[in-house]
Amino acid sequence: MRELLRVTPGERPDLGHLDPSATPGGPASKAAGAAATALLAQPLGSLQERLYAASTAGDRRRVLLVLQGMDTSGKGGTLKHVIGLFNPSGCRIKAFKAPTPEELGHPFLWRIKQELPRPGEIGIFDRSHYEDVLIARVRELVPRNRLRARYAQINRFEKALVDDGVTVVKVFLHIGHEEQRSRLLARLDDPDKHWKFNVGDIEERGAWAAYQEAYEVALERCSTDAAPWYVVPADRKWYRNWAISTLLREHLEDLDPQYPKGDFDVEECRRRLLAG
């Protein structure tokens, strides 16, 4: 899956020609996809437990899943259906909103550094430091020369994370223009979903082309060998869930964390317990 979905470093993807309803490498149907995702729960849970266990013996490795995408692309759904396969006690989840006054008083990466996963954890960012080269670009919140510098800052930051034992998995959820309209209308049609609807989403939708360009530039400049981007077609929710679960499994299998060996005499402890 990594090779199928990975953005080649230095190449600019043409999002307009990438089908958001495609299912590259995926199961043949929605039912098959749901079943395949369910089957990933056991291996993912085992790998997570081994990662956490290894940290108790000094292993500093951890995973950071970065989720970016247009409104309704499925960041929340991924948290529910994919991260739900893990033990929540080993996950650190952060949804980044508009910066607070305190955060605005610091460099843009400051608030990101406060929320990084600790050794043995799986961290998940719902939006991330990329907001500072996405909405900041579309809404012209910072001068273009400062914006250009941020791409290089992000690459250095992510390389430092990787060097410190963080496996960075960056996923762009690629939703189609018409599918987003359908999902927004569905929220309006259901009073129980009104809390999820933001009138500002309509204005943001009006800047669709500008956001697609901003994503293309970010994907081109910040997909690196150390921390590549993956474009996941997101119109089909079942495929999104399966693809991201599979990406996480592949990365965790590469880490191959191991349970630490006990520093005690097993037989002696067994003897003492049986004697008591």
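A crossing is left-handed if the near helix is turned anticlockwise from the far one by less than a right angle, and right-handed if clockwise. Keep that in mind for the second stop. The model is predicted, so local features need pLDDT of at least 70 and side-chain atom pairs count only at pLDDT 80 or more, while totals for chains, interfaces and linings use all residues. Numbering starts from 1 along each chain as its sequence is written, and side-chain values use heavy atoms, with hydrogens and water left out.

**Stop one: the core**

Select Tyr-130, Val-133, Tyr-151, Phe-172, Leu-219 and Trp-229: of the 37 residues in the largest nonpolar core, these touch the most other members. Such a core is a set of buried Ala, Val, Leu, Ile, Met, Phe, Trp, Tyr and Cys residues joined through side-chain atoms within 4.5 Å; buried means under 20% relative accessible area, exposed over 50%, partly exposed in between (1.4 Å probe, protein chains only).

**Stop two: a helix pair**

Now show α3 (residues 41-55) and α12 (residues 237-255), whose axes come within 10 Å and cross at roughly 40°. Helices here are DSSP runs (H or I, at least four residues), numbered from the N terminus. Axes are lines fitted to C-alpha atoms over the stretch in contact, with angles from 0 to 180 degrees between N-to-C directions. Which hand does the crossing of α3 and α12 have? It is left-handed.

For the contact (heavy atoms within 4.5 Å), pick Pro-43, Leu-44, Leu-47 and Leu-51 on α3.

**Last stop: Leu-219**

Beyond its neighbours within four places in sequence, Leu-219 contacts Val-7, Pro-13, Leu-15, Phe-172, Trp-229 and Val-231. A second, separate core of 31 residues includes Leu-5, Val-63, Leu-173 and Trp-238.

Notes. Helix = DSSP H or I, 4+ residues; strand = E, 2+ residues; numbered from the N terminus.
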